[in-house]
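Hi,

Here is the structure I promised to pass on to you. Have a look at it first, and then read my notes below.

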Amino acid sequence: KGELRMQSLTFDDAGMYQCIAENMHGIIYSNAELKIVASPPTFELNPMKKKILAAKGGRVIIECKPKAAPKPKFSWSKGTELLVNGSRIRIWDDGSLEIINVTKLDEGRYTCFAENNRGKANSTGVLEMTEATRITLAPLNVDVTVGENATMQCIASHDPTLDLTFIWSLNGFVIDFEKEHEHYERNVMV
């Protein structure tokens with residue numbers, strides 16, 4: 001197949017590799033450099049978010065993505081409590097922490113620890129809970145004669161500290177009110 005496989009690489013394997021393909025019509029060469037990377041975990045380029053918002057009763061994923069080689073092992077703590085996989089909490093292979101059915105008790109400081117054979121590092125963020133956004137008045141089915149106008153309503157409750165945006169779609173495609181202003185009109189009730 002013209003394939004070169006290497007296993008259990010060491011720093012001595014680094015260098016320029018050359019593939020030579022030859023037949024009765026001639027010979028061609030192709031070069032590639034193999035770099036061996038090894039570094040302790042660092043959050044310098046990708047720190048955890050300092051503030052993470054989660055909706056009450058919802059699901060949140062807190063990412064932990066340090067730069068490290070080889071891939072680090074991950075662990076998490078909330079305050080001084082070490083977290084383990086359970087019915088509501090799961091640590092993913094990529095280091096992310098997932099919490100489902102978020103409650104007020106989940107608020108607090110979360111720290112991700114990353115460790116490999118080169119070293120260790122950690123990064124911390126604060127999880128805050130917000131009230132879940134809910135549709136309180138959903139659009140209703142409407143029968144309209146051709147040529148008449150129709151009005152559909154949608155009202156939602158949301159956490160007062162957050163902004164709320166309504167997006168309308170037709171058959172799965174978002175309506176662009178600027179381009180289709182002659183056909184659709186958005187009325188905002190305050």
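Residues 41-128 have end C-alpha atoms that lie 27 Å apart, and this span is 53% strand and 0% helix (helices, H or I, of at least four residues and strands, E, of at least two are DSSP runs, numbered from the N terminus). An unreviewed UniProt entry annotates residues 41-128 as "domain: Ig-like"; such annotations may be inferred rather than shown by experiment.

Before going on, please note that this is a predicted model, where local features need pLDDT of at least 70 and side-chain atom pairs count only at pLDDT 80 or more, while totals for chains, interfaces and linings use all residues. Residues are numbered from 1 along each chain as its sequence is written, and side-chain values use heavy atoms, with hydrogens and water left out.

Threonine 124 sits in strand β12, residues 119-130. Leaving out residues up to four places away in sequence, threonine 124 touches Met48, Lys49, Lys50, Arg109, Tyr110 and Thr111 (contact means heavy atoms within 4.5 Å). The side chains of threonine 124 and threonine 111 are also joined by a polar contact of 2.8 Å (a pair of N or O atoms within 3.5 Å, where one must be able to donate a hydrogen and the other to accept it; residues adjacent in sequence count only if both atoms are side-chain atoms).

Happy exploring!
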